[in-house]
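Open the structure in your viewer and keep the selection panel at hand. The stops below say what to select next and what is there.

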Amino acid sequence: MSTMNPQPLWQPDPERIAHAQITRFQTWAAEHHGAPPQGGYAALHRWSVDELDTFWKAVTEWFDVRFPTPYARVLADRSMPGAQWFPGATLNYAEHALRASATRTDEPALLYVDETHETRPMTWSELRRQVGSLSAELRALGVRPGDRVSGYLPNIPQAVIALLATAAVGGVWTSCAPDFGARSVLDRFQQVEPVVLFTVDGYRYGGKEHDRRDTVAELRRELPTLRAVVHIPLLGTEAPEGALEWPALTMADTEPVFEQVPFDHPLWVLYSSGTTGLPKAIVQSQGGILIEHLKQLGLHCDLGPEDRFFWYTSTGWMMWNFLVSGLLTGTTIVLYDGSPGYPDTGAQWRVAERTRATLYGTSAAYVMACRKAGVRPGADHDLSKIRCVATTGSPLPPDGFRWLHDEVRDDLWIASVSGGTDVCSCFAGAVPTLPVYIGELQAPGLGTDLQSWDPSGKPVIDEVGELVVTNPMPSMPIYFWNDPDGSRYHDSYFDTYPGVWRHGDWITVTSRGSVVIHGRSDSTLNRQGVRMGSADIYEAVERLPEITESLVIGIEQPDGGYWMPLFVHLAPGAVLDEVLLSRIKQTIREQLSPRHVPDEIIEVPGIPHTLTGKRIEVPVKRLLQGTPLEKAVNPGSVDNLDLLHFYEDLARKHA
């Protein structure tokens, strides 16, 4: 992909730059902390990574982070893994998330939307009251700081209330979406041994009701540490025997009591995809998430009390936790529970219109699906309130940028962002004061020394390299659960470049300071020494109307050869004949590289994904190398296990 395109797709106007919170922060930080007053974002970013302690001190002051017990210093130990942030300090995440209730009492904190697309608000005062009531009930149940509280819940207000009540008492939250099967949930929750389980009786998706009572019964049987189960009757059924009822726990008019916990006290557990072996149980801290999300949402996303923040997500994805943190900035957050494409592909745009969202986040896959389906959001909906459309989950192809610009609005800020569950934040993405170039993320985040390294550990510009972060971020995991010596944590990020975080993505840092993501480095296509990310192949191939989705794998052969098959899932009515085969090869040859024309193009019944919607590349590669299915992939992490049998059979034939 060229990094030399000189013309931006979008440029913020002077008024937007002047009013952006990041501009005001830079002026203030220059006056109070020695930040550069000139030089714009590039100068501010350089200062934020060179003067890491001072930058994060400035963030806590700018956002008025409340430390009842002060900190001794900002960064006591900056070695990775194991950086020690704000030792001595105490605080509470939930207290900060509910601060706007003092000034925005009767304004909506949450807007809840289901598949009827009707909007139901919950005010800041009501949210605070229910968190107060529920946190008092959790304490009465014996929940103490450090105890794990779990949710088997869709994206509904009760999930937000349960998370905040858990954080208020110093408990550790963890959640899974109710479309996860029992085995997938148990692979996650059994690791952390929750004492309370919040659960629904079922959920609605795609116009249908899905009863989950049998799954809930299995979870109760297989989680012996549970002291209480709380029933939320989303489908209207009665509570099972022995379960507590949600309304009874949230009816009191109780002011919340916020447990003041150490800065590095665990806030929640997130899980890696778990495509091979048990999912990694990633633990992040109350203080680290608080300040990282204030920076990301307040400065990078430019969110404040007048905004409405909608991101299509489920409780099984880190973006849900990120969405909840919108409350930290006083923003109204939009919770959509339902299918992204019901009753039609344009459904999310209708939700954005009805909720008057100012920042709307979705997946790159949804944008491309809308483009393919001929959806015309700007023509069919009033999207005048939207300032920014953000995408993540996979790289947004250049055609996705063009489509958003052409079909939503030509003065739209498009923020393709990239980060990870591992930090529950972005390494690179949105900057409200910078131009947007097609196919590129605007810049690395403040305080994030993001670089592209070659195999010898040398930084490269305008070349493909490994995504590394050379200084600690506050939201990096404090540890993995059940990893007593830290070896699994170390091996996940620090085995390639000691003391430097290697994320596992191929990126290009351009000479303009923007970033291009090429896909996972552990599934990189390396033909005759020329490396290419799988995302580049997908972007080219999936422009063809006959291709619904694709999967490309590069496999080193025992004889030193290299086999690179491309799997294609065809659109209805399409046929993989010689004409289409030639067009696919020609597309890759002309748009990417003759070296990366696949050795075989194989029609498949579907492309397997993780439960959070990412294509499963590495496990398929292992299957094709002859690894047995049970060792190549964790069955509970895959959206459709039957699809993997196709690749397993192919491996046998190929052998």
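On a 1 Å grid over the protein atoms alone, a cavity is a set of points where a 1.4 Å probe fits but cannot get out, and a pocket is an open set with protein on both sides within 12 Å along at least five of seven lines; a lining residue has an atom within 4 Å of a point. Grid points are joined across faces, edges and corners, and a volume is the space filled by probe spheres set on the points.

The model is a predicted one: local features need pLDDT of at least 70, side-chain atom pairs count only at pLDDT 80 or more, and totals for chains, interfaces and linings use all residues. Residues are numbered from 1 along each chain as its sequence is written, and side-chain values use heavy atoms, with hydrogens and water left out.

**Stop 1: the cavity**

Select Gln296, Cys301, Trp311, Phe322, Leu359, Cys388, Ala390, Ala415, Val417, Cys426 and Ala430, which line the largest cavity. That cavity holds about 60 Å³ of space. How many cavities of 30 Å³ or more does the structure hold? It holds one.

**Stop 2: the second largest pocket**

Next select Ala42, His45, Pro444, Arg512 and Gly513. Of the 23 residues lining the second largest pocket, these are the closest to its centre. The volume of this pocket is about 460 Å³. At least two lining residues come from each of α3, β23 (443-444) and β24 (450-453); these labels follow DSSP runs numbered from the N terminus, with helices (H or I) of at least four residues and strands (E) of at least two. Helix α3 supplies the largest share of the lining, four residues.

**Stop 3: helix α2**

Select residues 21-33, helix α2. Its 13 residues reach 17 Å from the first C-alpha to the last, close to the 18 Å expected at 1.5 Å a residue; the expected span is 1.5 Å times one less than the number of residues. Now pick out Gln21, Ile22, Phe25, Gln26, Trp28, Ala29, Ala30 and His33, the buried residues of α2. Buried means under 20% relative accessible area, exposed over 50%, and partly exposed in between, with a 1.4 Å probe and protein chains only. These buried residues pack against α1 (14-19), α3 (40-50), α4 (52-62) and α11, where contact means heavy atoms within 4.5 Å. Gly34 follows α2 and has a positive phi, near 80 degrees.

**Stop 4: salt bridges**

A salt bridge is a side-chain nitrogen of Lys or Arg within 4 Å of a carboxyl oxygen of Asp or Glu. The count by this rule is 32.

Start with Glu126 and Arg129, whose side chains form a salt bridge at 2.9 Å, N to O. Both residues lie in helix α6 (residues 124-140), three residues apart, about one turn of the helix. Is Arg129 buried or exposed? Arg129 is buried, with a relative accessible area of 18%, while Glu126 is partly exposed at 27%.

Then select Arg387 and Asp307, which meet in a salt bridge at 2.8 Å, N to O. This pair links distant parts of the chain, 80 residues apart: Arg387 is in the loop between α15 (377-380) and β19 (388-392), and Asp307 in the loop between α11 (286-300) and β16 (308-311). Asp307 is buried at 9% relative accessibility; Arg387 is partly exposed at 22%.

Move on to Glu542 and Arg615, a salt bridge whose closest N and O atoms are 2.5 Å apart. Here too distant parts of the chain are linked, 73 residues apart: Glu542 is in the loop between α18 (534-541) and β31 (547-552), and Arg615 in the loop between β35 (600-603) and α20 (618-624). Glu542 counts as buried at 19% relative accessibility, and Arg615 is partly exposed at 23%. For a network, select Arg371, Asp399, Arg402, Glu539 and Arg543, which are joined by salt bridges that share partners.

**Stop 5: Asp410**

Finish at Asp410, in the loop between α16 (398-407) and β20 (413-416). Asp410 is exposed, with 55% relative accessibility. Leaving aside neighbours within four places in sequence, Asp410 is in contact with Trp10 and His405. Asp410 and Ser314 are 96 residues apart in sequence and 30 Å apart in space, C-alpha to C-alpha.
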